[in-house]
There are 2 protein chains.
Amino acid sequence: MAKYAFGVDVGGTTVKLGLFDADGSVLDKWEIPTVKDNEGVNILPDVAKSILAKMKEKGISEEELAGIGIGVPGAVDDAGTLVGGAVNIGWKPLNIPQQLHAYINVPVKAANDANVAAFGEMWKGGGKGCSNMVAVTLGTGVGGGIIVNGAIITGSTGAAGEIGHIHIEDSEIEECGCKNKGCLEQYASATGIVRLARRRLAEDEKPSTLREGQLSAKAVFDAVKAGDQVAIEIAERFGRYLGKGLAMVGNVVNPEVFVIGGGVSKAGEILLGFVEPELQKYAFPPCRGVRLALAELGNDAGIYGAAGLILLGSNTPQQS
Amino acid sequence: MAKYAFGVDVGGTTVKLGLFDADGSVLDKWEIPTVKDNEGVNILPDVAKSILAKMKEKGISEEELAGIGIGVPGAVDDAGTLVGGAVNIGWKPLNIPQQLHAYINVPVKAANDANVAAFGEMWKGGGKGCSNMVAVTLGTGVGGGIIVNGAIITGSTGAAGEIGHIHIEDSEIEECGCKNKGCLEQYASATGIVRLARRRLAEDEKPSTLREGQLSAKAVFDAVKAGDQVAIEIAERFGRYLGKGLAMVGNVVNPEVFVIGGGVSKAGEILLGFVEPELQKYAFPPCRGVRLALAELGNDAGIYGAAGLILLGSNTPQQS
């Protein structure tokens, strides 16, 4: 009788692991270093060994294990193959269930880390109770994870949910990392907010605390909270871009909720206030019921979502 | 042993019906009038009677029937309920399988007509062989149907795929039918192309055959084929808007193919040539493999798709 599942989140510096019971309560969580040497050839063996050691420590047999879910930083197809490798941990294309099965014979489901984190937020975080949800990660870039009828959408080449690269501004002259110009990420990521701030500050000499010290997304929202008018204008521009972008996404997949996470979201509810009116303004009327919510699981979203791939029996991805 | 299925497409003037074998070949197709009197209360009984008469004519028993698929002009939830009614045929909210079951006891699956037509194009038309597809209907408006992993996406309120109302132009001053300004539909529908043409013609006095006779989307593309330079400029503007809009949709759901149908698409391959470069330009690089194809089933897409709901065992919608 399967009573447990492991959730694994492979990151660039550490691999996070969690042991969950069948209800999705976390019983234990820990980290191991991500050893990227030799094209990261030891990462999955290290994961397997760490899981086997934990099973031994807790007295858990293979029969009691429903399986292992794993989020990895790259596009994963329905067979669990990391189709394009994962450049930031050195991986070439490889089949993840196959590699783990060399060590432990339980069902394995792998998926892209951003999608897995989205799945975690749906299951136990800001999207709890919803089965149609878009997770938006505002970090160095802007990422997305789309869940339809309770399952992650991966798309035909694993690139579904790349909402950071929606074209949103025709007048942009600087290039995005993707080589296009005017992507949402250029305005709504942490670095995008700094760009918006620099541009606003250069427009005139209006006093602002942002003219002193290091510019950052955090500094902008701290200044907003202190009532700084220039900072509020910057946040309004951010909100216009993100609201418009989310409205577009909403017209395509019609979610119940957008769950906003990533470093920028630590600004809290005040951030949502700048996005909400713009989202509602640009949304197609039948899509206007959509809610905005903050992500709740932080860095644990990945291990929750990975365990959820096993415990919720998500029909995507389909490998085992 | 189930050998047959019926596909039904309820339109504003006629109901189209088709009898299909288990492989999805159409054995017979016909139409009955849509009787909209008394809030359309006779429409579903008429459908049931027409199906029962056809079964009698062909000597088909209930046991030989896999079921009835039906496309209706409104949003349908997973239980087969037309949640908001269907204003253009007079229907109030109603449960479609329940109503048909009063006459015939076989599985019934109902879905929105645009989504059903998309499903038909995936199964037997321009998207054949694909399981991730977006169907785009360029008619009086711009409609969309999104298929992910072989299933129609309906969204949380049945409004998924409303790509005609993606915001695409900040400078628009006229209102769309939805009351927003700058929706894709204002440039890429048949009426949108006429608007683009009027605006272009008003810009200068450059000679064009479009200055004579009735302006229409067909007239624009006929003039394009005849080498009319002004018409070509209009088609380029159309292509820029539609290409940019489809690129956004592509970044969200990452389909293999966009299948372009509706009256405007009768212009043929030449139309795709105006859209393709703009789609590729604005698409996120990993999404650039997406193809553009013309719809192939015309007015029969609905009956094919409806039969496909039964014969392909689509997991959406889930009622029976």
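Figure 1. A residue counts as buried here when its relative accessible area is under 20%. This is a predicted model, and in it helix H10 of chain A (residues 301-311) is mostly covered, with 10 of its 11 residues buried. Reading along H10(A), the buried ones are A:Ala301, A:Gly302, A:Ile303, A:Tyr304, A:Gly305, A:Ala306, A:Ala307, A:Gly308, A:Leu309 and A:Ile310. Switch to chain B and helix H10 (residues 301-311) is mostly covered too, again with 10 of its 11 residues buried. Among the buried residues of H10(B) are B:Ile303, B:Tyr304, B:Leu309 and B:Ile310.

**Figure 2. How chain A and chain B are related.** Two copies of a chain are related by a rotation about an axis and a shift along it. The same surface serves both copies, and 100% of the contact residues of chain A recur in chain B.

**Figure 3. Helix H8 of chain A meets helix H8 of chain B.** Here H8(A) and H8(B), the latter spanning residues 229-253, pack at an angle of about 75 degrees, and their axes are 10 Å apart. With 65 to 115 degrees counting as roughly perpendicular, that is the label for H8(A) and H8(B). Who does the touching? From H8(A) come A:Met248, A:Val249, A:Val252 and A:Val253, and they meet B:Met248, B:Val249, B:Val252 and B:Val253 in H8(B). Sorted by class, the contact between H8(A) and H8(B) has 8 nonpolar residues, no polar ones and no charged ones.

Figure 4. Look for A:Ile147, which stands opposite A:Ile152 in S10(A).

**Figure 5. Strand S2 of chain A and its two hairpins.** Strand S2 (residues 14-21) of chain A is mostly covered, with 6 of its 8 residues buried. On one side, 7 bridges join S2(A) to strand S1 (residues 4-10) of chain A, running antiparallel. The hairpin from S1(A) to S2(A) goes through 3 residues, and A:Val10 stands opposite A:Val15 in S2(A). Strand S3 (residues 26-33) of chain A is also antiparallel to S2(A), joined to it by 7 bridges. One pairing to pick out is A:Lys16 with its bridge partner A:Glu31 in S3(A). The hairpin of S2(A) and S3(A) has 4 residues between the strands, and there A:Gly24 takes a positive phi near 85 degrees.

Figure 6. A:Glu185 sits in helix H5 (residues 185-188) of chain A and is buried, at 18% relative accessible area. Leaving aside neighbours within four places in sequence, A:Glu185 is in contact with A:Gly141, A:Val142, A:Gly164, A:His165, A:Cys176 and A:Gly192. A:Leu138 is 47 residues from A:Glu185 in sequence, yet their C-alpha atoms are 8.5 Å apart. A:Arg195 belongs to helix H6 (residues 190-203) of chain A and is buried as well, at 16%. Not counting residues up to four places away in sequence, A:Arg195 touches A:Glu172, A:Glu174, A:Gln186 and A:Tyr187.

Figure 7. Most residues other than glycine have a negative phi. A:Asn38 is not a glycine, but its phi is positive, about 50 degrees. It lies in helix H1 (residues 37-40) of chain A. Is A:Asn38 buried or exposed? At 61% relative accessibility, A:Asn38 counts as exposed. Over in chain B, B:Asn38 also has a positive phi of about 50 degrees, sits in helix H1 (residues 37-40) of chain B, and counts as exposed at 60% relative accessibility.

Methods: Residues are numbered from 1 along each chain as its sequence is written. Chains are lettered from A and ligands numbered from 1 in the order in which they are written. This is a predicted model: local features need pLDDT of at least 70, side-chain atom pairs count only at pLDDT 80 or more; totals for chains, interfaces and linings use all residues. Side-chain values use heavy atoms; hydrogens and water are left out. Buried means under 20% relative accessible area, exposed over 50%, partly exposed in between (1.4 Å probe, protein chains only). Contact means heavy atoms within 4.5 Å. Two strands pair if DSSP finds at least two bridges between them. Axes are lines fitted to C-alpha atoms, for helices over the stretch in contact, and angles run from 0 to 180 degrees between N-to-C directions. Angles under 35 degrees count as roughly parallel, over 145 as roughly antiparallel, 65 to 115 as roughly perpendicular and the rest as oblique. Ala, Val, Leu, Ile, Met, Phe, Trp, Tyr, Cys and Pro count as nonpolar, Asp, Glu, Lys and Arg as charged, and the others, Gly among them, as polar.
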